[in-house]
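Reader: Could you take me through one part of this model at close range? I would like to hear about a pair of packed helices.

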Amino acid sequence: MKKFLLIIFAVTFFITGCGGNQQAASPQKIPVQAMKVLNQPVKIVHGFPGQVEGVDEIQLHSKVNGVVVEKYIQGGEKVHAGQPLFKIDPKTYETALLSAEADLSKAQTNLRRAQDTLDRNEQLYLMQAISEQTLMNSRADVDGFIAAVESAQIAIRKAKENLDDTIIYAPSDGRVSLDDVPVGAYVISGSTTLVTMGSMDPVFVKFSISETEYLNALSQVMNERKKNSPRQNFTLTIILSNNEEYPYKGVLVETDRALSQNSGSIEVKASFDNPQGVLLPGMFAHVKVVRESGRNTLLVPQRAVQQLLDQSFVITVDKDGKSLSKTVELDEKVGSYYIVKSGLSVNDIVIVGGLTNLQSGKDLNVTVVTPEEMGFSTEDSSKLVNET
């Protein structure tokens, strides 16, 4: 019995001693990677698919019917304002002018005869040789022939205009397309397209922005006005289909007055100089709208941000080396980062590695890393510009 009690005492001591050692052991620190929040100006880039359009793009129509008898241009050729492009057969209109001139001559002759008759009848009426009705008839004849002369003059003016319109001139400088009609084609006034043309320098690039992007831009302008901040300038560039950046910057010139009912977006036009004629209507162009952020812009890596329902939060390292969750309000993406609107300060250190199942209040074994080590950048990850 005594031996049995000694065994129980020994086992109890062993268990108690082990439990005491486990309670005294310090909790294991969680290894994480962390970096300080960036505070620097950045370029905020928005990209939109766009298409090149000619300025003053028009379809030329003839004002008269007839057969094209001469063509003074070749398709694709550059033309200048006032340069003759086509000639419609003028024979019909030359005949019409001659006929109108003959009608005018006849009307003028009739008017002279009627005026002579009126002068004579006025004398006879004073001598009471004719009735008042006869005098009134003579005056009516003169008025009728005056109207006939005026009508003939209008007909001559119209015939001359038609004859002049048999030659079609370029309304402005530009380049004509290849869809010009051939010699011998019969054209109908206001219906048949002779050729399409438009100005090539400058040109428009048309693109669309969403309702949200439009409202965000408007909100930013309003905030700048409230803070009396200098207005931020937007730089517009385009990337062509060969991935090369066009060397000239664009200027925003037109914005549609309403959203498209189909897409919910608004169309915008930017003007680009095109002195070498590189940009052709119909070309694809990726539009980049670039603006500079303010000097003190806080940036947090996208990798550090976690989402819970409609809130965003990051886990930081507090002054005691423990994890601390902070709710943040984020703005736009810039490369590998988010712009922080609120929730962080310039001294905050955010965790970018080892976030799996990490919660607030945990002891941390922090390894400080740099953006270069993590591969973070404020530039777009995919380069659209051919740097070579």
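Author: Happy to! A crossing is called left-handed if the near helix is turned anticlockwise from the far one by less than a right angle, and right-handed if clockwise. By that rule, α2 passes α3 in a left-handed crossing. Their contact (heavy atoms within 4.5 Å) involves 21 nonpolar, nine polar and eight charged residues, where Ala, Val, Leu, Ile, Met, Phe, Trp, Tyr, Cys and Pro count as nonpolar, Asp, Glu, Lys and Arg as charged, and the others, Gly among them, as polar.

A word on the basis: this is a predicted model, in which local features need pLDDT of at least 70, side-chain atom pairs count only at pLDDT 80 or more, and totals for chains, interfaces and linings use all residues. Residues are numbered from 1 along each chain as its sequence is written, and side-chain values use heavy atoms, with hydrogens and water left out.

Now to α3 itself, which has 33 residues, 132-164. From its first C-alpha to its last, α3 reaches 48 Å, close to the 48 Å expected at 1.5 Å a residue (1.5 Å times one less than the number of residues).

The axes of α2 and α3, lines fitted to C-alpha atoms over the stretch in contact, lie 8 Å apart at an angle of about 160°. The two helices are therefore roughly antiparallel, the word used for angles over 145 degrees.

Note on methods. Helix = DSSP H or I, 4+ residues; strand = E, 2+ residues; numbered from the N terminus. Axes fitted to C-alpha atoms, helices over the stretch in contact; angles between N-to-C directions. Parallel < 35°, antiparallel > 145°, perpendicular 65-115°, else oblique.
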